[in-house]
Structures are given as structure tokens and as C-alpha cells.
Amino acid sequence: MKGTQIFLFVFVMWVLIIVGGGLLISIIAPLTINGHGKFDSILDSGVKALIAMILVVVWIFILSKIKNWIFHKQIKN
Amino acid sequence: MLDKIILAILVSAIAFFSVYITTPFLIKGLEKRNLTVKDYNRVGGAMVPRPGGPSILVGILASEFTLYAFFPTAEILAILITTSLAFVVGLIDDRKVLGGWFKPVALAISAIPIILLGTYDPHLSFPLFGSVRIPELYIALVIFMIPVTGNTINSIDVLNGVASGFMTIASFALTISLFIVHNYDIALASLPLGFVSLAFYKYHKFPSRIFPGDSGALTLGAMYGVLAIVGHVEIIAAVALLPAVINSFLFLSSVKRIIEHRQIKSNPVTHTDDFRLMATTDKDAPVTLVRLILVGGPMTEKQVGLVIFRLAIFSAVLAIVTAFMMGVKI
């Protein structure tokens, strides 16, 4: 079938969404920052948002690598 | 329950037949006013009427207002207002050449009624792991989601029938998923999107008699985004949209900035002598889903469309599996 690698790409994206969600809920969400008084909630949300953004960057990096791999493999074929 | 089934049949029929009946009149009207664009992938470059957005909006408004008459909920109101605003944004873009940033910003503003009407739940649910409460971040997500879904569907509107066919598959997957997660009211409200897309596909499929234009694509995409938010199925909706997301991702990662398609200097796709589509060898051309599909060799427009539909069905199945996984916790 034409474009089989793209189906694999879609599947990998799906797995990354589920794994990313798992990381977010199991590890990042329970984190709490204390000891900064009234700034606790802002710091807490900010750090979590920062970690989530780093995860998104990592996610995009992985997808870029997979895209290049698929593209080069198809060109070779 | 029986009354909801009857209502589901009624709104589906209204959505489908409103578009099915009004689109031929719209085609004639657009031809009469010379509002046509060249179909570059067709031998001889036929002129095709554009935009089909008005008939799509008629179908959505007629069916959602009917639903609102029976169930006057804020969620349906949010669907109606945001979708209509997205249509206006698209119509402006259809008529005037605007910068690449106009659509994302205007669509973000279109999302404000969802927040003002309080039709969102600041919990983001993931399969297997449960949900996370993100009150402040969720508002940003609402603002972000409508431009993303709108532009994602708009960016896949590159071949005859692809945007409407893709939307038909994705929105029916979303409806099934909403039923699986027991959100019956929003499932009912999502039915018109699938039936409107299906009716429009009849005229949009290869060889197209009408193009949806920005007004059509943004209307469909924005409504899909609102349904995902008010139905609390954001992740499921994203999964069903994966092939279109990949298209946007490929485009943005190769172009590295937000630009309009018309601003692209090198076309990612060229033609063979027998007018089949072929991936360009131009290194400056952006990478798109169609170009990636064509790397395997030249194909007809119809064949490329079928590969995209197979990808859409694959993603739809993954979305439904994700919906089932929502009920499982590890």
C-alpha cells in the first residue's frame, strides 16, 4: 500500500500523545512548590507549564526525526 | 431516549438536505458573479466556483437552531456563535488578501464566546491515566484550539474533495467517541457537522463542482474545535485529526513560519505529462502530506485523495480506541 510509512507516523504520534499524557498526569501534575508564600500557586503553574512546553518541544523533535527517516527511506526506495 | 433518537434523525436530515439543496443554487450564483478559481490539477485548468462556505453555514445553523429549540443549552449557543464567527473570518479571507497572522488571531477571538458562556471544563482528560485540572492553562487552550482546528482543516483543503471527505470521517469518529464517553447531548450536537460535510462532499469530490474556500474550511474546522471543547474530548478530537495535524506539522517544520499558502514560491507538487501528481524535487518547496504520499511515485488526484481518506479512517479508529481507553485507568 502506498504511504505505509505515513500510517506508522500516525501511529507513533498517537503513542506519543498517550505517553505524554501519562507523564503529565502521573509525574508533572502531582508536583507541588511550597515555601514562597502567595507566589506558590503562580510558581507551581509556571513550572508545570514550562515542563509541559519542554515536553512539546521534545515531542516535535522526535516527530521531526521520524519524518526525516520516513522521507529519506521513501526516496531511497 | 426515543425523543433524542427522533431529534438525532431530524437534525441530521436538516443538516444534510440544507447543504444538498442549497449548494447547487450557490454554484449557479457564484458562476453568475464570476466568483471562480482555477483548478490547477485538472487538465485544461477548469474554473471552479468558490466559496462553498455559505451553504455549509446554512446547514449548520438550520440544524443547530432546531436542536437549540428543543434543548436550549449554552453549549449549542457556543457552537452557533463561534462557528458563525469563524465563517465570517473565512469569508473575509476569501474576499481579501490578508496576512498570514490574520486568520489565527481572528479565530482566537472567535473562541471567546466559549469562555464567556462558561461552556468548558478545565479538566484535560487523557486515556488510561485520568484527568488533570488546569484552570488558567485551559483558557489558553480554548483560545489556541479554534485557530488550530480551523487552520488544520484549511491546510488540508488542497485537492478535490479532501477537506469535506476528511471532515466527514473525523466528525463521525468524534460523534461515536462522544457516545462512548456517554456525552449524549454533545454527540447529538456533533451530528450536523458530519452530515453537512457529507452533503458538501457530493459537490466537492473529484471532479469538484465547488470549492469550500476559507469560509467553508474554517467553519468546519472551528465547529470541530468547539465540539471537542464543549464535549470534553480534546485528546480524542486531536487523534481523529492526526493526518491533517501531520500536514500542518510538515508544512510548518519545513517553512519555519506562519504564512499563507499563496505566499509559497515553490509548489510542493508538480504534474507528469499525463497530468498525474508528482512530488517536486525542488528543495525550497515545503514538505506537505501530499508531497510525502507522492514520494512513492506519481499518482492521480483521486488516488492521493483515497490515501488521505485511508489515513483519516485509520486515525478515526485510533480515536474510537482512545475513547474506549478513557474508561480504563492504570
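In the predicted model, D185(B) and K4(B) form a salt bridge (a side-chain nitrogen of Lys or Arg within 4 Å of a carboxyl oxygen of Asp or Glu), with their closest N and O atoms 2.7 Å apart. This pair links distant parts of the chain, D185(B) lying in helix α8 (residues 184–204) of chain B and K4(B) in helix α1 (residues 2–32) of chain B, 181 residues apart; helices are DSSP runs of H or I with at least four residues, numbered from the N terminus. D185(B) is partly exposed, at a relative accessible area of 40%, and K4(B) is likewise partly exposed, at 25%, where buried means under 20%, exposed over 50% and partly exposed in between (1.4 Å probe, protein chains only).

Over all chains, five salt bridges are counted. D93(B), K103(B) and D214(B) are linked in a network of such bridges, in which the N to O distance is 3.3 Å for D93(B) with K103(B) and 3.2 Å for K103(B) with D214(B). K103(B) in helix α4 and D214(B) in helix α9 of chain B are 111 residues apart. D93(B) is buried, with a relative accessible area of 3%, as are K103(B) at 4% and D214(B) at 11%.

Residues are numbered from 1 along each chain as its sequence is written, and chains are lettered from A and ligands numbered from 1 in the order in which they are written. Local features need pLDDT of at least 70 and side-chain atom pairs count only at pLDDT 80 or more, whereas totals for chains, interfaces and linings use all residues, and side-chain values use heavy atoms, with hydrogens and water left out.

How values were computed: Helix = DSSP H or I, 4+ residues; strand = E, 2+ residues; numbered from the N terminus.
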